[in-house]
Amino acid sequence: MKRFVVLMTGVAALSGCATVDPVIIEPPVAAPATYAADLPPSGLYSLWWRGFDDPVLDALVRRGLAANLDVDAASDRLSSAAALLRAERSDRLPAVDGEGGAGIALPDDARVTADAGLFGLFNPDINGRLAAEIRAAAANYAEQDYLLADQRRLVAAAIASQYVEYRRTGAQLELLDQSTDLQEQTLRIVTLRFEAGLAANLDVRRAAADLAQTRARRGLIVIARSEAENALAVLLAEPPGVFAVSAPANARIPGYGLGPPAGVPADLLRRRTDILAAEARLARAAAEIGIEQADLRPSLTIPGTLGLGDGSLGGIFGDFLLSLGAAIDLPLFDGGRRRAEVDAARFEAQARLAEYRAIFLQSLGEVENALTSIEAYRARNEDLAEAIAQSETALAQSNALYREGLASLFDVLDAQRQLIASRQNLIDSEANLASSFVAFHAAVGSE
């Protein structure tokens with residue numbers, strides 16, 4: 001089994017520190033060679049959401065990635081981590097401060113006095129603490145960089161998911177109008193037959209009740225449509241209630257074509273940005289062990305001063321005094337505190353390793369769940385299309401038999417309900433299939 005280095009090359013390059021022994025661990029789990037379910041075809045688009053071939057969705061994702069506030073916050077945290085890394089690197093350089101003063105000497109002879117000085121301190125880092133702190137800061141920078149990329153992954157998936165919900169409600173409203181028209185026609189026929197004495201008033205009431213039940217669904221669909229649109233507004237950093245989606249010409253659920261290739265399970269270690277962020281956290285935890293271990297070893301600092309002046313105003317440019325020294329700190333006895341802090345850092349690193357493994361396994365599960373859903377909803381769509389075709393035939397036959405008095409209104413209404421339910425189920429299934437493609441590409445870490 002191949003091993004890998006926790007302190008990544010990118011992190012080590014950022015630190016600019018002396019070479020240290022890396023921490024080597026076994027891979028988080030043995031990744032399977034392939035996924036259990038079949039992968040969808042791929043190869044047409046590099047950006048996965050382009051696989052829907054929907055200009056409205058493409059524009060929404062581009063706007064969201066540019067304006068989303070969570071992405072902005074992640075970008076600011078990355079800038080903060082870069083500043084902290086620069087600060088840690090600066091500790092490897094000498095620090096120099098200066099001071100000066102002036103006054104009047106009284107009462108013997110009134111004269112102006114002045115002095116100035118420079119004070120410096122240099123830490124040669126003989127115990128390796130500064131190098132470990134730079135490694136930790138570099139790992140933190142790498143983590144924030146990956147978290148920024150991961151936020152973009154999540155935002156793109158969230159926009160696509162909410163857009164699918166928006167399109168689902170559009171298709172439901174269109175179906176609602178079609179179903180209302182169908183039931184209104186039935187109600188007119190039943191009413192005419194009742195007025196002609198060919199049907200009972202009970203039939204009229206049954207047909208009217210079915211029509212009212214269908215109309216009652218409109219409010220729920222409008223609520224869901226508004227929620228999806230408002231969610232998109234928040235993702236695009238727009239005020240909800242003011243933002244509106246540019247509705248496409250048709251109300252159908254967008255189908256998915258060819259997106260980027262998914263790769264194999266082992267590719268998740270290189271593509272899923274949340275896994276890479278967890279790896280960077282593990283690298284930072286390893287560096288923090290080095291920070292605590294450094295406190296077990298002696299430390300050395302070299303202070304220095306440069307004093308200018310002899311006490312007179314003119315002498316400030318004449319006399320000077322230079323002094324250098326060295327101060328060494330030897331850890332002798334602290335009641336076991338330093339050792340305990342090293343142990344705490346080691347346990348924290350073990351916890352980070354467990355989190356890393358958990359995220360990897362969770363990612364594998366997300367991919368497998370999405371693949372299973374894609375396969376299941378595709379098969380369900382085919383069955384529902386067949387159910388719709390059979391229900392349409394059954395409704396036509398029951399209407400014909402009802403007009404001839406050979407079937408009851410109950411048969412007609414039952415055939416209508418089955419047809420409307422099958423059409424509704426197909427809309428939901430098509431939307432769920434589209435959402436499964438979104439979940440799949442988010443799970444494999446597609447761009």
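**Notes on the aromatic contacts**

1. The count comes to 3 aromatic pairs, where rings of Phe, Tyr and Trp (its six-membered ring) pair if their centres lie within 6.5 Å. Trp48 and Trp49 make an edge-to-face pair, at 5.7 Å centre to centre with 85° between the planes; planes over 60 degrees apart count as edge-to-face, under 30 as stacked and the rest as tilted. Trp48 and Trp49 are both buried, meaning under 20% relative accessible area with a 1.4 Å probe and protein chains only.

2. A word on the source: this is a predicted model, in which local features need pLDDT of at least 70 and side-chain atom pairs count only at pLDDT 80 or more, while totals for chains, interfaces and linings use all residues. Residues are numbered from 1 along each chain as its sequence is written, and side-chain values use heavy atoms, with hydrogens and water left out.

3. Now to Tyr256 and Phe437: their ring centres are 4.6 Å apart and their planes at 15°, so this pair is stacked. Tyr256 lies in the loop between helix H6 (217-235) and helix H7 (268-271), and Phe437 in helix H10 (residues 409-444), so the pair ties together parts 181 residues apart in sequence. Helices here are DSSP runs (H or I, at least four residues), numbered from the N terminus.

4. Tyr256 counts as buried at 14% relative accessibility, and Phe437 does at 3%. Together with Phe52, Tyr256 and Phe437 form one aromatic cluster.

5. The charged end of Arg225 sits over the Tyr166 ring, 4.0 Å from its centre.

How values were computed
Buried means under 20% relative accessible area, exposed over 50%, partly exposed in between (1.4 Å probe, protein chains only). Helices (H or I, at least four residues) and strands (E, at least two) are DSSP runs, numbered from the N terminus. A charge sits over a ring if NZ of Lys or CZ of Arg is within 6 Å of the ring centre and within 35 degrees of the ring normal.
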